[in-house]
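Q: I would like a close look at a single part of this model, followed by what surrounds that part. Please keep the account plain.

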Amino acid sequence: MTERFHMPSLGADMEAGTLIEWTRQPGERLAKGDTIAVIETQKGAIEVEVFHDAIMGRPLIAIGDRVPVGAPMAELEPLEGAASPSPSAPPAATGAQSAGGRAAPRGSAHRPEPAAAAPPRSATPAAASAAARPRHRASPAARRLAQRRGLDLAALTGSGPEGAITLADLEAAEARAGQPQPAPARRPSGGKADLAAMRQAIAAAMSRSKREIPHYYLAHDIDFTAAAAWLERRNGERSPGQRLLSGVLFIKAVALTLQAFPELNGFHRAGRFEPADAIHVGCAIAIRGGGLVAPAIHDADRQDLDALMARLRDLVARVRSGGLKASELSDPTVTVSSLGERGVDRLYGIIYPPQVAIVGFGTPRTRPWVVGDAVRPRTLVTATLAADHRHSDGHRGALFLAGLAAHLQAPEAL
Amino acid sequence: MTDAHPPDNTPQAHKLHLSRTHALHLLREMLRIRAFEERCAELYTAEKIRGFLHLYSGEEAIAVGIMQGLAPTDAVVATYREHGHALARGLPMDRLMAEMYGKETGVSRGRGGSMHLFDAERRFYGGSAIVGAGIPLAVGLALADRMQARTQVTACFFGEGAVAEGAFHESLNLAALWQLPVLFVCENNRYAMGTALERSESETDIARKAAGYQMPAVALDGMDVIAVEAAAREAIAEIRNGGGPRFLECRTYRFRAHSMFDPQLYRDKAEVAQWKQQGPIVRFRRWLEAAGMLDADTAGQLDAEIAQALAAAVDFAEGSDWEPVADLTRDVAG
Amino acid sequence: MSGETIQITYREAVRAAIREALDRDPRVFLMGEDVGRYGGCYAVSQGLYDDYGPARIRDTPLSECGFTGAGIGAALGGMWPIVEIMTVNFSLLALDQIVNNAATIRHMSGGQFHVPVVIRMATGAGKQLAAQHSHSLETWYAHVPGLKVAAPATLEDARGMLWTALTDPDPVILFEHVMLYNRAGTLAADASAVPITGAAVRRAGTDVSLITYGGCLFKTLEAAAQLAAADIAAEVIDLRSLRPLDDATLMASVAKTHRAVIIDEGWRSGSLAAEVSARIMEQAFWELDAPVGRVCSAEVPIPYPKHLEDAAVPQVPAIVAAAKATLGQ
């Protein structure tokens with residue numbers, strides 16, 4: 001049986017080698033210990049040997065090729081009547097995992113990366129106008145006591161080191177105010193239980209977002225009746241595989257609207273806003289078994305609905321099968337999260353850093369709506385915008401949602 | 001003197017009554033080491049063995065010859081190129097291979113790897129990866145024997161590179177000053193990594209340096225297993241009788257690179273080829289054949305036995321478990 | 001306990017501990033430079049050579065690496081050696097043996113071998129011995145897993161830690177501060193072994209925890225006395241064991257006082273004080289009512305002139321000031 005000769009590992013710090021010479025030609029006989037090739041490493045040229053008698057076979061790489069440790073370099077043909085090879089054959093060509101476990105994977109991809117979009121939130125969003133409160137200098141012990149007793153540190157003057165509020169200051173304040181309040185429920189303990197890696201990655205990204213990005217939130221109910229009817233008509237003419245989901249209307253509408261709102265499409269980097277030169281919409285897609293990712297639909301404003309739908313189906317399939325490229329996860333310039341059929345009315349997203357905005361859609365449903373002077377049943381969808389207050393404000397955000405609503409009134413133009 | 005070329009004399013059977021059984025034992029021991037080392041090289045390229053790997057091929061006669069003179073109660077302190085010492089001392093091949101892999105069944109529970117083989121039962125005090133750092137330990141082990149009135153000997157192996165370390169000089173001085181039962185065995189393979197002896201030492205006659213500490217010291221052909229065994233037996237008998245430390249400089253040559261990742265820019269291929277012609281195994285084999293002690297059947301049988309043992313050792317290592325990460329901090333004080 | 005006490009110096013307490021060990025177990029011996037005929041650089045072993053002979057009170061050549069390594073080897077071979085290194089500065093010549101051999105062999109051998117060696121060394125400034133005899137490098141050793149490191153400051157510990165260290169199966173390093181050797185005091189006549197792990201509260205208090213070890217202990221107790229006069233109740237903790245650190249005792253004290261100052265004769269950068277401070281941040285952050293303070297040596301090789309040597313190392317006024325600072329004073 002034909003065997004392969006693989007790029008050998010010659011040191012724990014060797015990751016790859018460059019072929020600089022074949023010392024044997026195809027058809028030549030190789031004895032155990034013979035040099036088969038010379039490879040260039042970061043330590044210089046090293047002759048590499050074969051460990052079994054064989055006939056030199058077809059080369060699989062060319063002079064000058066640099067290949068990772070474990071990659072096949074040449075075929076080796078067995079000698080007549082040769083014994084079977086050693087049980088410890090070198091590992092397979094790619095994605096090889098040594099028993100010792102290599103630190104760095106050789107390929108990229110194949111791993112769902114941290115999620116982009118936010119999980120739904122039911123809590124009331126913070127006021128868009130909330131200004132940062134000044135941080136009072138207080139000792140950790142004083143902060144903890146203040147929290148337990150429900151005391152406001154802002155009302156106190158510190159007597160501790162560098163004017164910090166200390167336990168003594170709190171006790172004095174309580175003595176002035178009378179009896180202390182009963183202690184509220186204790187802080188939940190732990191918090192770093194056995195989260196899966198994905199969960200931890202989501203936790204890290206979302207914690208960073210909530211810690212660093214001053215979000216403001218806006219919501220807007222949009223009449224979706226015309227669009228829903230248009231969608232129903234259009235899908236009625238098509239086979240199931242060709243049908244459009246309302247989600248692609250949202251993606252396209254968001255992308256078109258963003259053309260006029262560059263401050264919502266881009267990145268916060270090194271303390272500054274960097275507008276993106278294209279509109280790549282990250283689509284939040286749930287992963288079976290937990291977690292979610294938001295890979296990009298590139299140039300979403302310039303593709304027609306069928307192309308967007310095909311792209312979305314492809315992404316969903318690859319999220320499920322694990323075939324996303326790393327770049328697809330880092331390319332989005334904005335995120336859209338839609339809870340589709342799950343039946344909630346609205347979702348308030350958390351921005352995925354370093355993006356500056358996330359648009360959320362609840363489930364379209366029939367609700368009473370005032371049309372003219374009459375209350376009518378209409379299909380409504382609530383769109384929300386969470387945006388980075390460092391780079392835009394509620395006024396522009398509101399105009400964005402209004403623009404989005406307008407685009408959704410003319411589905412045929414999408 | 002420093003040999004520019006390998007010696008070509010035949011093995012010296014003088015001073016030893018060499019039975020066929022013993023001669024074949026010596027051959028088997030050297031073959032076992034060579035086969036183990038060559039398999040380790042292969043497993044290293046296949047990433048089964050990681051870290052640094054230093055092979056003993058070419059130097060087998062020293063470990064095998066010296067061990068013949070040691071009793072089970074004697075102690076051995078070795079270097080980071082110590083697979084041969086461990087095998088010759090009787091450490092089981094399967095557990096040695098498991099240690100190469102880092103498995104829990106290894107001689108050091110997998111915690112040491114190639115450079116740190118230990119065995120309390122056989123008084124094998126390790127593989128040390130700090131050049132020269134094992135030498136003071138050997139002196140201390142001998143001091144303990146002396147203070148407890150035991151007649152044990154400690155054999156301490158090191159390379160000629162260690163001779164440049166302060167630990168070497170401090171230790172030889174202490175051992176001679178206190179007349180401790182240590183057999184110092186310098187494996188002079190001519191290169192400290194890539195630095196040739198004459199490029200690192202003002203005095204290249206190492207035995208002479210040892211003699212400067214008032215210690216009987218001889219240089220001998222370290223490619224001749226019989227010569228090594230004879231010298232070891234004589235020296236160990238003297239030491240055991242209270243004669244103080246002895247020093248053997250065994251001149252040898254390393255057939256392989258210093259470690260696996262070494263393009264060997266510092267020596268000629270012709271030099272390596274020339275020494276290989278005079279290797280401890282080929283020479284001894286030739287001599288045994290000429291003396292009528294080795295025929296083709298016996299040789300084939302030896303090779304087959306060793307191949308079988310080696311295959312079993314690899315299977316054992318492959319089949320062994322990794323130590324659970326939960327045990328990470330075991331066997332550490334403080 | 002008989003209740004009977006004796007007057008004794010720290011030096012005599014160490015010597016009594018060595019004598020007791022030599023008497024109790026034939027495996028024990030003392031080795032080092034000038035420990036025998038000379039009587040020890042700091043006169044700790046004076047008289048022992050005559051009583052125990054050259055085999056057990058073993059003078060060595062000036063070969064710190066060689067004889068420390070031999071001590072480690074002898075421990076592997078079944079002995080209980082006490083290796084004396086004149087000062088911590090000289091121990092750097094033996095650092096390879098201590099860190100690469102003594103601390104690793106148990107682990108590298110998969111638990112097959114233990115190294116029951118005890119290495120004693122003098123440390124610290126105060127005798128105008130300048131920049132190669134006066135440093136406090138305890139933290140370098142306290143950094144290394146596989147070693148136990150203790151600093152006897154009191155007479156009880158000087159008398160009692162050695163035997164416990166010898167009976168420990170693993171290497172133990174004992175640091176004796178040079179300014180302690182002449183300290184005299186009373187000790188129970190039947191004083192004997194004490195644990196080598198665990199911190200001790202040397203003075204109880206409620207306002208601030210002063211955490212120290214070795215030569216700084218008595219300066220810190222003096223500072224606590226001065227603070228008491230200012231109505232500040234300082235608690236003084238003697239670490240005793242530098243590795244492992246007794247986190248439980250430290251955190252219990254901080255939980256009580258909500259303030260901590262660490263007094264350490266090592267240099268501030270990368271000091272033991274830094275380690276203790278970090279642990280307080282990790283384990284008792286929410287107890288703190290003030291930033292943790294440190295009083296360490298100035299970042300300078302210890303100078304020869306008395307006034308500069310004094311200025312380089314922690315002194316009582318600096319300790320008092322650091323304690324008051326935690327109270328906003």
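How many of the eight residues of strand 4 (residues 80-87) of chain C are buried?

A: The model is a predicted one. Within it, seven of the eight residues of strand 4 of chain C are buried, so this strand is largely enclosed by the rest of the structure.

Strand 4 of chain C has pairings with two strands to describe. With strand 2 (residues 28-32) of chain C, strand 4 pairs in the parallel sense, over five bridges. In general, the strands of a sheet pair through backbone hydrogen bonds, either parallel or antiparallel.

Four of its strands form an open sheet in the order 5-4-2-7, with antiparallel pairing. Strand 5 (44-49) and strand 7 (66-68) of chain A stand at the edges with a single partner strand each, so one side of each has no neighbour in the sheet. On average, neighbouring strands of this sheet are turned by 40 degrees against each other, direction ignored. Inside the order, strand 2 (residues 16-22) and strand 4 (residues 35-41) of chain A pair in the antiparallel sense over four bridges, and Thr18(A) has Glu40(A), in strand 4 of chain A, as its bridge partner.

Burial can be followed into chain B as well. All 14 of the 14 residues of helix 5 (residues 134-147) of chain B are buried, so this helix is largely enclosed by the rest of the structure. From first C-alpha to last, helix 5 of chain B reaches 20 Å, close to the 20 Å expected at 1.5 Å a residue. Just after this helix, Ala149(B) takes a positive phi of about 55 degrees.

Asp231(C), which is not a glycine, has phi near 70 degrees and lies in the loop between helix 9 (217-229) and strand 11 (234-238) of chain C. Asp231(C) is exposed, with 7 other C-beta atoms within 10 Å. Arg240(C), also not a glycine, has a positive phi of about 60 degrees and sits in the loop between strand 11 and strand 12 of chain C. Arg240(C) is buried, with 26 other C-beta atoms within 10 Å. In the loop between strand 12 (241-243) and helix 10 (247-257) of chain C lies Pro244(C), and the peptide bond from Arg243(C) to Pro244(C) is cis, with omega near 0 degrees.

Chain C also meets chain B: 37 residues of chain C are in contact with 33 residues of chain B. On the chain C side, helix 3 (64-76), helix 5 (95-102) and helix 6 (105-108) are the elements that give two or more residues. Helix 3 of chain C supplies the largest share, 10 residues. By class, this side has 16 nonpolar, 16 polar and five charged residues.

Notes
Residues are numbered from 1 along each chain as its sequence is written. Chains are lettered from A and ligands numbered from 1 in the order in which they are written. This is a predicted model: local features need pLDDT of at least 70, side-chain atom pairs count only at pLDDT 80 or more; totals for chains, interfaces and linings use all residues. Two strands pair if DSSP finds at least two bridges between them. Axes are lines fitted to C-alpha atoms, for helices over the stretch in contact, and angles run from 0 to 180 degrees between N-to-C directions. The expected span of a helix is 1.5 Å times one less than its number of residues. A residue is buried if 20 or more other C-beta atoms lie within 10 Å of its own, exposed if 12 or fewer, and partly exposed in between; C-beta atoms are placed from the backbone. Two residues are in contact if their C-beta atoms, placed from the backbone, lie within 7 Å. Ala, Val, Leu, Ile, Met, Phe, Trp, Tyr, Cys and Pro count as nonpolar, Asp, Glu, Lys and Arg as charged, and the others, Gly among them, as polar.
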